[in-house]
Amino acid sequence: MAKENKANANMANGNKAIGSKANGNKDGNNKANQNKPNQNKAKTGNKKANAKRNPPNARLVSLISLGVILVLILCTALLAFNGFGQGRLVHYMQPWHKAIGLGLDLRGGVSAVYQAKQLEGEAGNTALPIDQAVDMLRNRLAEQGIAEAAVSALGEDRIRVEMPGTLADEALLDTVFTRALFEVKDPDGNTMVESKHIQSVRVVSNTNQVGGKYVEFTLTPEGKQLYADGTKANVGKTLSIELDGQALSSLSVDAAVTSGKIYLGNGVMAEAQANSLASMIRLGALPLELERTEMAEVSATLGAEAAGKIVTALLIALALIAAFMLVRYRVFGAVAVIALAIYSLLVLFLLAVFGAQLSLPGVVGIAISLCLVADGNVLLLERHREDAKGGRAARNKLQSAYVGVRPAILDASIVAIIVALVLLQFGTGAIRGLALTLVIGVATSLFTVMFISRWLLKLIADIGAGNRQSNVG
């Protein structure tokens, strides 16, 4: 009996244990059921948060924006290579490849030699200021948009110039190499003021006549006083304004002029004529007389086919960079390709606007800047890949990548621009061409990477293409 009671007691305890487990399972199920609404609420909250960050129409807006960008790139490329016609409201725009000139080494040009002579009254001076004249002539040619010209001294009394162009540019050369001595003379032929008394020169538009221009000369304090005294002594008489002894205009004096200003052209001068005259006088008179003794055409030093080969090489380089970006970074690589296309069009446009002349050093400057824009995109996309492995949202990844690479891109671009500016300031001839293309290219590459690439990547993130690791690369 005792054994039976003990067995019954054990069975009762077992049933209690089983009951306790069952109750435990019920409690666990109840807790799980209670947690399910909370989890659903969290999921619903996340969906609402994501919907708040990315509105339903954000993807559509981003797709439309991307399509508009591609259409604009295509239209701009067509205008760049074809130009457009002239009308009343729209001026003719040359194709950019025609607006950008080629340097002496790619196109050929002209070579001329000028004999230097002492000025009248300075025959006693034995040394001619050849070096001073060479510097002034370089500046004059740069003012005419021929920065690639090579001007050098030949011995102690001759100067040689080589520049892109043809023999038809003979008149331009002779204009640049004229002494350009500006004088205002009284009726007796005495000089009142001359080039050394001019402080600044500018071309001013005539508000009463469309297209009419005149040249305004501002005199130095010494010139201002001399002109005031001279006009006061010649009231009622006519003064003569001359350039190298040739009369440009006459000036009737009604009263003493104390403003220190001289006006030439009466507001009817053509813009090209006014700009040419102003640039010549602004740089001052040459310290010697020059007479042309030789002039001949010179062929392209790199050969007639060099320009075509260089263009082909640059296009192949762009194509290879684009292929690498697409293979390596997939969807975001396409963004880099679009950014490269925009960069190329911007560089072409700026080179045309600034009237650049491309020589071989100039092409090197473009190649360097192309490397910088490609490198900047690679840095941005590589940082984005690293962040993608951490599971961040697409927009958060972009912001993190941009902040991470910004200092490196800025530092590299600033260093390159500093070097280019130094070369532009102190270089001559083809070196200035290298500096100009480098400044334009590096500044454009910085703008492309820091703004355009970043904006395009945000559009891709809004579309949703950047949310998958397989699309990032």
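The model is a predicted one, so local features need pLDDT of at least 70 and side-chain atom pairs count only at pLDDT 80 or more, while totals for chains, interfaces and linings use all residues. Residues are numbered from 1 along each chain as its sequence is written, and side-chain values use heavy atoms, with hydrogens and water left out.

Overall, the protein has 13 helices and 13 strands (DSSP runs numbered from the N terminus, helices being H or I with at least four residues and strands E with at least two). Of its 473 residues, 37% are buried (buried is under 20% relative accessible area, exposed is over 50%, and partly exposed is in between, with a 1.4 Å probe and protein chains only). Among contacts with a separation of 6 or more, 73% come from residues 24 or more positions apart (a contact means heavy atoms within 4.5 Å).

Seven salt bridges turn up in the structure (a side-chain nitrogen of Lys or Arg within 4 Å of a carboxyl oxygen of Asp or Glu). One of them pairs K117 with E291, with 2.6 Å between the closest N and O atoms. That pair links distant parts of the chain, since K117 sits in strand β2 (residues 109–117) and E291 in strand β12 (residues 289–298), 174 residues apart. K117 counts as partly exposed because its relative accessibility is 40%, and E291 is also partly exposed at 40%.

Another salt bridge joins K185 and E242, whose closest N and O atoms are 3.3 Å apart. Here strand β5 supplies K185 and strand β9 (residues 238–243) supplies E242, 57 residues apart. With a relative accessible area of 17%, K185 is buried, and so is E242 at 12%. E382 and R328 make a further salt bridge, at 3.0 Å between the closest N and O atoms. E382 belongs to helix α10 (residues 360–389) and R328 to helix α9, so this pair ties together parts 54 residues apart in sequence. Both partners are partly exposed, E382 at 22% and R328 at 36%. Through shared partners, salt bridges also join E183, K185 and E242 into one network.

The R179 side chain does reach the backbone oxygen of L286, at 2.9 Å. Leaving out residues up to four places away in sequence, R179 touches several others, including L119, R140 and D244.

Most residues other than glycine have a negative phi. A180, in the loop between α6 and β5, has a positive phi near 65°, and at 0% relative accessibility A180 is buried. R330, in helix α9 (residues 306–353), likewise has a positive phi, of about 55°, but R330 is partly exposed at 43%.

On the surface, L410, I414, I418, V422 and F426 form a nonpolar patch with about 480 Å² of accessible area together (patches take residues with over 30% relative accessible area and no salt bridge, joining like charges within 9 Å and nonpolar side chains, Val, Leu, Ile, Met, Phe, Trp and Tyr, within 5 Å). L410 lies in helix α11 (residues 394–426).

Definitions and conventions. Areas by Shrake-Rupley, 256 points an atom, 1.4 Å probe, with all protein chains shown as cover. Polar contact = N/O pair within 3.5 Å; in protein donor to acceptor, adjacent residues only side chain to side chain.
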